[in-house]
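Please open the structure in your viewer and keep the selection tool at hand. The tour below goes from one selection to the next and says what can be found at each stop.

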Amino acid sequence: MDKTITNLATMRRTANLTIDDLARLVSTSRQTIMKLESGAGVQLNTMLRISLLFDVPVEELLKPATIPLKKQEPLNDTITMNIVKEMRTARKLSQLELAEKIGISKPAIILVEKRFNDYKVSYSIAEKIANGLGFNISDLFFIVDKNLSSEQLETIIYHRTSSLMERLK
C-alpha cells in the first residue's frame, strides 16, 4: 500500500513528537516510522499501536487530520489480538471460503487466526479480511497488555465477539 499513513508526519509534528519519540512510544524503529511517513508498507501491529496512541480507529490513520495524543506512555508490553475466527464462524464461512472470497491463501487465514504466534499481519491482509467479513479492521484486530491473564484475555475476546454478534442481528 503506497499511501498507508500519508498523514503520519503531520500527526506526529502536531503532537510535538520527533521520529524517535514516536518510534519509542509504539515500540518500533526510527526506520519504520520514516518508511511509514513516506508511504511505504506497514505491519498491522504498528498501525494498531499508532491508532491506540492517537486514540482513533486504525482506519482514521488513512485520513488527513490533526489528531491529539491520547497518552504518551510506551506501548512495549502489548500484543496484537484478533477475533477473526469467531467472526468468520459467525458468518458461516470456512477458512477456505473466506480465503477464496477475499483472494488470499487458506494458510494465511490459518496464520491470522492463531492468537499467539509471531506471524505479522500486514495491513492489506487485515483490510481484506475485515472487508470480507463486513467489519472494520478495528473491530477484528486490537492491542492488549501482554501481561493479562488468559482469563482476562478470554473476557476481552468474549465481550468484543458479543458486541459484534449483536450488530449482526
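A residue is called buried when its relative accessible area is under 20%, exposed when it is over 50%, and partly exposed in between, with a 1.4 Å probe and protein chains only. What you see is a predicted model, in which local features need pLDDT of at least 70 and side-chain atom pairs count only at pLDDT 80 or more, while totals for chains, interfaces and linings use all residues. Residues are numbered from 1 along each chain as its sequence is written, and side-chain values use heavy atoms, with hydrogens and water left out.

**Stop one: a pair at D139**

Select D139 first, which is buried with a relative accessible area of 13%. R167 lies in helix α10 (residues 150-168) and D139 in helix α9 (residues 137-140), so the pair ties together parts that are 28 residues apart in sequence. Helices (H or I, at least four residues) and strands (E, at least two) are DSSP runs, numbered from the N terminus.

**Stop two: the other salt bridges**

How many salt bridges does the structure hold? There are three, and another of them joins the side chains of R88 and E113 (2.5 Å, N to O). R88 belongs to helix α5 and E113 to helix α7, 25 residues apart, and both R88 and E113 are buried. Now select R30 and D20, whose side chains also meet in a salt bridge (3.3 Å, N to O). Here R30 is in helix α3 (residues 30-37) and D20 in helix α2 (residues 19-25); R30 is partly exposed at 37% relative accessibility, and D20 is partly exposed too, with a relative accessible area of 43%.

**Stop three: helix α7**

Select residues 106-113, which form helix α7, and colour its buried residues, A108, I109, V112 and E113. Seen down the axis of α7, these buried residues fall within an arc of 130°, so they line one face of the helix; the arc is that of the directions from the helix axis to the C-beta atoms. Among the elements that cover them are β1 (78-82), α5 (84-90) and β2 (141-145).

**Stop four: where α6 meets α8**

Show α6 (95-102) and α8 (123-133) together. Their axes come within 10 Å and cross at roughly 105°, where axes are lines fitted to C-alpha atoms, for helices over the stretch in contact, and angles run from 0 to 180 degrees between N-to-C directions. The two helices are therefore roughly perpendicular to each other, as angles of 65 to 115 degrees count as roughly perpendicular, under 35 as roughly parallel, over 145 as roughly antiparallel and the rest as oblique. The contact (heavy atoms within 4.5 Å) is made by L98, K101 and I102 of α6 and K128, I129, G132 and L133 of α8. Zoom in on I102, which is buried with a relative accessible area of 12%, and which touches I109, K128, I129 and G132, not counting residues up to four places away in sequence.

**Stop five: two loop residues**

Most residues other than glycine have a negative phi. Select N16, in the loop between α1 (8-14) and α2, which has a positive phi of about 55° although it is not a glycine. Finish at K92, in the loop between α5 and α6, where phi is near 60°.

Definitions and conventions: Salt bridge = Lys/Arg side-chain N within 4 Å of Asp/Glu carboxyl O.
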